[in-house]
Amino acid sequence: FFFSSRRRHTSCREVSWARRCVQETESVKEQNALVEELVGRISKIKSKAEISENQVKTICSDIKNLDNAKKNLTLTISALKKQMMLITAIDKLRESCISKNYKEAAGLIEATGDLLKAFQDYKSIQQIKDLTQ
């Protein structure tokens, strides 16, 4: 009887231990599934972040291009305004010389000279050459 009771007690311990092992195994499986889900989510987030980063780079590149275009347009408009001022000053200078209004012509020569300085870098352009001659 004593031996049998001990065996039952040992048997109960073994069953209890086996149950715990099964529960812990199931818990480990659940944790592994959660970790895999988390890794999948992180992978998706990383992929979306890379896409967003590429979009931001593209947008920044486009902004730089637009900024350069704006700068070029501003410089072009400024040069065209100066060219119109130069043409107007030259025309008035001719009129002043024809009408022998030398006082006005003197002021226009100075204004024309100042405007011509803005076109020093553009002397190779035929229209600028024509204006300066």
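1. The largest pocket has a volume of about 270 Å³. A pocket here is an open set of points on a 1 Å grid over the protein atoms alone, where a 1.4 Å probe fits and protein lies on both sides within 12 Å along at least five of seven lines, and lining residues have an atom within 4 Å of a point. The volume is the space filled by probe spheres set on the points, which are joined across faces, edges and corners. Of the 13 lining residues, those closest to the centre of this pocket are Leu75, Ala79, Leu80, Phe119 and Tyr122.

2. Please keep in mind that this is a predicted model, in which local features need pLDDT of at least 70 and side-chain atom pairs count only at pLDDT 80 or more, while totals for chains, interfaces and linings use all residues. Residues are numbered from 1 along each chain as its sequence is written, and side-chain values use heavy atoms, with hydrogens and water left out.

3. Which helix gives the most to the lining of the largest pocket? That helix is H1, with seven residues, and both H1 (2–98) and H3 (126–132) supply at least two; helices are DSSP runs of H or I with at least four residues, numbered from the N terminus.

4. Helix H2 has 16 residues, which at 1.5 Å a residue should span 22 Å, and this agrees with its end C-alpha atoms, which are 22 Å apart; the expected span is 1.5 Å times one less than the number of residues. Ala105, Leu108, Thr112 and Leu115 of H2 are buried, where buried means under 20% relative accessible area, exposed over 50%, and partly exposed in between, with a 1.4 Å probe and protein chains only. Seen down the axis of H2, the buried residues fall within an arc of 85 degrees, so they line one face of the helix, the arc being that of the directions from the helix axis to the C-beta atoms. The face turned away from this buried side carries the exposed residues Lys103, Ile109, Glu110 and Lys117.

5. Four salt bridges are found in the whole structure, each being a side-chain nitrogen of Lys or Arg within 4 Å of a carboxyl oxygen of Asp or Glu. In one of them, Arg41 pairs with Glu37, their closest N and O atoms being 2.8 Å apart; these two residues are four apart in H1 and so are separated by about one helical turn.
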